[in-house]
Amino acid sequence: MTKLWGGRFQKSAEAWVDEFGASIGFDQQLVMEDIEGSKAHVTMLGIQGILPQADVALILDGLQQLQVKAEAGELAFSVANEDIHLNLEKMLIDLIGPVGGKLHTGRSRNDQVATDMHLFLKKRVGEVIGLIENFQKTLLKQAEQHVETIAPGYTHLQRAQPISFAHHLMAYFWMLERDKQRYMESLKRIDISPLGAGAMAGTTFPIDRLKSAELLGFGDVYANSMDAVSDRDFIVEFLSNSSLLMAHLSRFAEEIIIWSTDEFKFIELDDAFSTGSSIMPQKKNPDMAELIRGKSGRVYGNLMGLLTVLKGTPLTYNKDMQEDKEGMFDTVHTVLGALKIFEGMVATMTVNTERLHSAVHSDFSNATELADYLAAKGMPFREAHEVTGKLVFTCIQRGIYLLDLPLTDMQEESTLIEVDIYDVLAPEAAVRRRNSLGGTGFEQVRIQLEKAQAALA
Ligand code: ARG
């Protein structure tokens with residue numbers, strides 16, 4: 001088959017060489033964006049009088065027909081035509097005749113592919129932002145039901161201090177809020193048109209880049225044609241933002257997995273988000289959470305992959321850049337899937353409030369209360385820490401907790417301790433009294449929930 005660029009060639013590459021160079025296997029995902037870009041380009045060519053209106057009308061009609069077929073999944077792409085751009089151009093020429101060959105006037109595949117990628121990411125980042133918001137709403141709903149659910153808080157995965165379970169859930173809300181802001185901020189750099197940069201130096205035709213950008217809904221155009229066709233920063237940024245999002249989802253997934261164990265039993269996942277074992281009949285596995293934790297790996301990999309592809313490529317376009325696509329498509333797919341699954345998992349999980357309650361009543365996570373109590377009575381905190389530590393040790397030796405320790409034993413360590421200590425040591429009080437800004441106190445958590453509502457509004 002003759003190539004659209006075959007003029008200067010005396011022989012064709014063999015099929016297996018073509019296959020190695022082809023991107024159609026994956027860049028067909030850009031079919032809609034490519035047609036959209038072509039429509040804008042040819043419309044602009046008509047407005048500028050570069051092509052006669054009659055030709056423009058024929059080309060637009062042909063593109064429209066291809067679009068309808070693409071929507072119906074009826075386009076048959078071929079490796080011989082290398083990529084989505086040449087496949088569509090060939091189809092257009094087959095459909096409307098040689099006039100179809102005028103579409104590529106004043107354009108190169110280099111600005112064309114960059115335009116497609118910008119259009120594609122702009123749409124998908126919008127979807128990602130929408131799904132993050134959805135997940136935030138679900139987290140907020142769960143949190144609202146658990147403001148007064150007392151749970152153990154951890155450092156080093158050791159019991160630390162009692163918290164409101166809502167407070168724990170809301171920590172993820174704010175991570176997601178930052179993720180959302182990062183994606184939103186990145187749109188500024190995605191929403192720029194490279195179209196009209198040509199191969200890299202611009203074009204001799206009197207094109208109107210602002211017009212084609214406007215037709216495509218871009219907010220701005222690249223100021224430098226060489227930068228326009230070389231830039232893949234916006235994709236690196238997307239992969240980087242997605243890596244951080246996946247890091248957050250992965251940490252949350254890890255907690256979901258731990259909370260679902262028999263050892264913890266803090267939550268139970270809905271059957272619809274769990275799987276069984278082929279051999280052990282009793283098993284109910286948190287596969288979805290594990291998979292999300294695992295999938296963070298491929299997203300990080302995609303980021304490292306593209307950074308490495310770009311390193312050392314001279315200006316401007318190099319075929320290396322074709323390697324920007326699979327990682328990006330894969331990341332879009334992974335992130336959208338992970339967000340959807342996680343939202344469903346959190347929306348349907350059951351929180352075992354009794355188990356959480358009994359957990360904080362059988363540990364030393366109220367030890368800080370005793371130290372703070374003594375410090376509030378004037379004892380230097382360092383001494384209060386020491387006194388409390390000794391009392392904890394006494395309890396451990398007797399196999400009891402601080403609330404079980406008789407007042408007389410406490411007073412042996414410090415006479416500052418009075419009977420009101422038992423109220424202070426109650427886990428509910430430990431949470432309620434942590435009323436510093438952003439703390440886990442019920443009042444603060446309610447203020448936080450209001451802030452979260454406002455962030456979503
Ligand atoms: N398939 C190519 C890519 O994805 C399109 C651009 C090709 N340009 C070129 N000069 N070979 O990067």
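Two housekeeping points before you click. Residues are numbered from 1 along each chain as its sequence is written. This is a predicted model, where local features need pLDDT of at least 70 and side-chain atom pairs count only at pLDDT 80 or more, while totals for chains, interfaces and linings use all residues.

**Stop 1: the domains**

Colour the protein chain by its domain assignment: domain 1 (16-105), domain 2 (110-358) and domain 3 (361-450). Those bounds come from an automatic or database domain assignment. The C-alpha centres of domain 2 and domain 3 are 40 Å apart. Where they meet, 18 residues of domain 2 are in contact with 17 residues of domain 3 (contact means C-beta atoms, placed from the backbone, within 7 Å).

At least two residues each come from α6, β1 (150-155), β2 (158-164), α7 (165-190) and α13 (353-360), and β2 gives the most, with six residues. Helices and strands here are DSSP runs numbered from the N terminus (H or I, at least four residues, for helices; E, at least two, for strands). By class, this side has ten nonpolar, five polar and three charged residues. For that sorting, Ala, Val, Leu, Ile, Met, Phe, Trp, Tyr, Cys and Pro count as nonpolar, Asp, Glu, Lys and Arg as charged, and the others, Gly among them, as polar.

**Stop 2**

**Stop 3: helix α4**

Select residues 53-71, the 19 residues of α4. At 1.5 Å a residue (times one less than the number of residues), α4 should span 27 Å, and its end C-alpha atoms are 26 Å apart, which agrees.

Which residues of α4 are buried? Val56, Leu58, Ile59, Gly62, Leu63 and Leu66. They sit on the same side of α4 because they cover an arc of only 165 degrees around the axis, taken from the directions from the helix axis to the C-beta atoms. "Buried" means 20 or more other C-beta atoms within 10 Å of the residue's own, "exposed" 12 or fewer, and "partly exposed" in between, with C-beta atoms placed from the backbone. The buried residues pack against α3 (31-47) and α5 (84-96). Just after α4, check Gly73, with its positive phi of about 70 degrees.

**Stop 4: a loop with two contrasts**

Jump to the loop between β3 (192-193) and α8 (209-215) and pick Thr203. Thr203 counts as partly exposed, with 18 C-beta neighbours inside 10 Å. Gly106 is 97 residues away in sequence, yet 5.8 Å away C-alpha to C-alpha.

Ala197 is in the loop between β3 and α8 too, but Ala197 is buried, with 30 other C-beta atoms within 10 Å. Leaving aside neighbours within four places in sequence, Ala197 contacts Asp111, Gly202, Tyr222, Ser225, Ala228 and Val229. For Ser225, 28 residues along the chain from Ala197, the C-alpha separation is 4.4 Å.

Definitions and conventions: Contact = placed C-beta atoms within 7 Å.
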